[in-house]
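Dear colleague,

Please find below the structure that I am handing over to you, shown with its sequence. The notes that follow set out what was found in it.

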Amino acid sequence: MNYFDGKAFSRDWTSHHIPVWEQLLRERAHEPLRVLEVGSFEGRSALFFLQFLPNCHLTCIDTFEGSVEHRTAGSRHHTKMAEVEARFDANTLPFAHRLEKLKAFSIEALSELQRASRRFDIVYVDGDHHAASAFTDAQQSWDLLATGGVMILDDYLWQPTKPAPERPKAGIDAFLQARSGEYEILHQDYQVIIRKSWRPSQHAAASDLTIGGRSIAEFSGGSIKPPLVSFVVINWNYARYVGVTIDSIKRQDYPHFECLVINNGSTDDSAEVIARHVAGDSRFTVANLPENLGQLGAAFWSLDRIKGGFVTFVDADDVLFDNYASMHVQAHLALPQSVAFTSSSVAETDARGNILASGSVAGSQGQTRNLHAQDSVLRLPTVSHEDFQQLSARTALVPKSASGWHWNPGTANMYRASHLRLVRRGGEARYMRSADGYFNFMCHGFGGSALIDIVLSGYRLHGENAFSNHESSPSLRSGTPEYYRLAQEATLTDIDFLLANAGRYVWILDGGFWSVLDLITRETPKRLRRFYCDPRVFEIFLANAPKLAAEFRSRVFCREILARYSGSQARKILRAGFGGKLKPRAYGEMALSWLRRARSMMRKRNSQQPVGRHLLFHTSIWEGGNRAYRAHSSGPAGWEML
Ligand SMILES: C[S@@+](CC[C@H](N)C(=O)[O-])C[C@H]1O[C@@H](n2cnc3c(N)ncnc32)[C@H](O)[C@@H]1O
């Protein structure tokens, strides 16, 4: 194509670059691309863009005062700039409807475009030749360039004998170094051509979040930002691992995060290791606590200090993969319904980091899979098209009613901060138990959860994990007996907490109070009744009976108690609820309950089928292959940092 027939020019610095440009831009030539040009002169490069990209919109920035060499009398480049501008206008006139001319210094025009949250798919930098100007033009334009966009930097090898500050090379080199890791080089010769990669580092513009291919910042005038993720590293005497853990957070490709490192009363040299690894990184804050609050205690403590909408408690012996936050946040933003937390698969490693197994949260055939379509959800630039498709195929909602443990431990979980605060416990400062062992059951009961069957972190088995003393295996319990006993005791406190706070939670859970209660027992439906009849659980019910009776209508209170208790235990709880005396309603409900139980027993005897959707779910779906669930199904899970 001859782009310049019938046009008027005094110079040609451009035509010989065109074959390379055509080759690199051909693939997207017919898209409605947004092109930005810094330095237009008579419009030669502008005419190329306008014709080779027939659906593009071009923004041209030029002072039309020329660079130093154009203004210097006697220079062979000396030019009458008023004529140059007139030629630009005449040459580009047929394309005026796709052209925006900004007659200004680039530093001002680019700032203005930034303020307006503008975005471009192609940027051509061909303005002032001083190294400092080349650097500033490239830096400012980079923030305007969409992920996947192409930047062409002209004059990299211009006049090599001139002093370095007077030619672009040093400025372009400084820019490339400052943005290293954020681009791939497509071409390097007299011009440098780069593509903004899918994984920008922490410098990525927050406004790169898109919907339907358009920048959210553009839609919202810059007022809407991507979710802030809070990492909370809870470290107790893991000086030997915590540095590697912190480094893995620093490497996150998701730019919008903060990290609070809690040194939880350590007595080893953790404080120095932590200080060394976070030094100079303003995203990190360190809290050295004088005593060990326990992992859950420290997690509760952190909730007043973090600002993120999404939170991951990072075990100080684990390692996050660099796409951990991106994939979790993207799943949260694209799930068909919101969940309290997402849980991803882990690579189980030995103490030195050698992989032993890939602990999977899979096995959820029959679950609701698939995220919303890419173009209808908020899309992160750090999750490529292919990664999104993978994520969609491998993310499943856990049914709200599903009992048992379905998730991977600790670091593998990203919670909504609002749900953590909803189930947060006050009173004591110390909770010597795992954060996930508490939060996963409670949060799942309150808001549901989803599994991401993609390995996004490493879980280190080093012989001191109480939760697991070997890689997960379908037929073996992984925790220690001591852990199991302590977990059972912790469960009792959870039951007590929920019942004692019935006044608040009955309203919030909107009819779901009793099923959440069943869920946090960690028991299968078959074993629930036996669990409730345990004298310690009975005592908890007895103590909370007046509160429950006050919260529910008499009929509901009687039915729910009788669904869990019979005989003298039931009568005692009902009596305590009704202030010492059984109401006639209670006698009626007791008779009904007896009849219901007798009928259900007869049905069971007549049929081999398991009854109840919980039981069905367990046997037919999860036991198909969920190793995490099976390994821990016989007891509560998630116990560390004791
Ligand atoms: C080399 S010419 C551009 C050539 C043009 N791209 C082409 O293909 O013919 C450089 C242009 O940059 C403009 N320029 C120089 N310094 C500038 C600045 N600080 N802000 C805006 N424009 C500038 C000059 O006015 C000049 O027109």
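**Surroundings of the ligand**

Of the 21 residues around the ligand, those that come nearest are Gly 39, Phe 41, Arg 44, Ser 45 and Asp 128. Two elements, helix H2 (44–52) and strand S2 (57–62), each give two or more residues to this shell. By class, the shell around the ligand comprises 10 polar, 6 charged and 5 nonpolar residues. Please bear in mind throughout that this is a predicted model.

**The two sheets**

Strands of a sheet pair through backbone hydrogen bonds, and the pairing may be parallel or antiparallel. Two open sheets are described here, beginning with the one that includes strand S2.

This sheet is formed by 7 strands in the order S3-S2-S1-S4-S5-S7-S6, and its pairing is mixed. Its edges are strand S3 (99–103) and strand S6 (183–188), each of which pairs on one side only. From one strand to the next, the twist averages 15°. Within the sheet, strand S1 (residues 34–38) and strand S4 (residues 120–125) run parallel and are joined by 4 bridges. Val 38 has Val 125 in S4 as its bridge partner.

The other open sheet has 3 strands in the order S9-S8-S17, with antiparallel pairing. Here the edge strands are strand S9 (214–215) and strand S17 (378–379), and each pairs on one side only. Strand S8 (residues 210–211) runs antiparallel to S17, and 2 bridges join them. Ile 211 has Leu 378 in S17 as its bridge partner.

**Packing of the helices**

Two packed helices are described by the angle between their axes and by the distance between those axes.

*H6 and H7.* The axes of helix H6 (residues 131–144) and helix H7 (residues 169–178) cross at roughly 35° and come within 6 Å. The crossing in which H6 passes H7 is right-handed. On the H6 side, the contact is made by Ala 131, Ala 132, Ser 133, Ala 134, Phe 135, Ala 138 and Gln 139. H7 contributes Ala 170, Gly 171, Ile 172, Ala 174 and Phe 175. The residues of this contact divide into 9 nonpolar and 3 polar, with no charged residues.

*H16 and H18.* Helix H16 (residues 481–500) packs with helix H18 (residues 513–520) at an angle of about 165°, and their axes are 9 Å apart. Because of this angle, H16 is roughly antiparallel to H18. H16 passes H18 in a right-handed crossing. The residues that meet are Asp 494, Ile 495 and Leu 498 in H16, and Val 516, Leu 517 and Ile 520 in H18. The contact of H16 with H18 has 5 nonpolar residues and 1 charged residue, but no polar residues.

*H17 and H20.* The axes of helix H17 (residues 502–509) and helix H20 (residues 535–551) come within 10 Å and cross at roughly 40°. H17 and H20 are therefore oblique to each other. H17 also passes H20 in a right-handed crossing. Ala 502, Gly 503 and Val 506 in H17 meet Lys 547, Leu 548 and Glu 551 in H20. By class, this contact of H17 with H20 has 3 nonpolar, 1 polar and 2 charged residues.

**Where to begin**

With kind regards

Definitions and conventions:
Residues numbered from 1 in each chain as written. Predicted model: local features only at pLDDT ≥ 70, side-chain atom pairs only at ≥ 80, totals over all residues. Axes fitted to C-alpha atoms, helices over the stretch in contact; angles between N-to-C directions. Parallel < 35°, antiparallel > 145°, perpendicular 65-115°, else oblique. Left-handed = near helix turned anticlockwise from the far one by under 90°. Contact = placed C-beta atoms within 7 Å. Nonpolar A, V, L, I, M, F, W, Y, C, P; charged D, E, K, R; others polar. Near = placed C-beta within 6 Å. Pairing = 2+ DSSP bridges.
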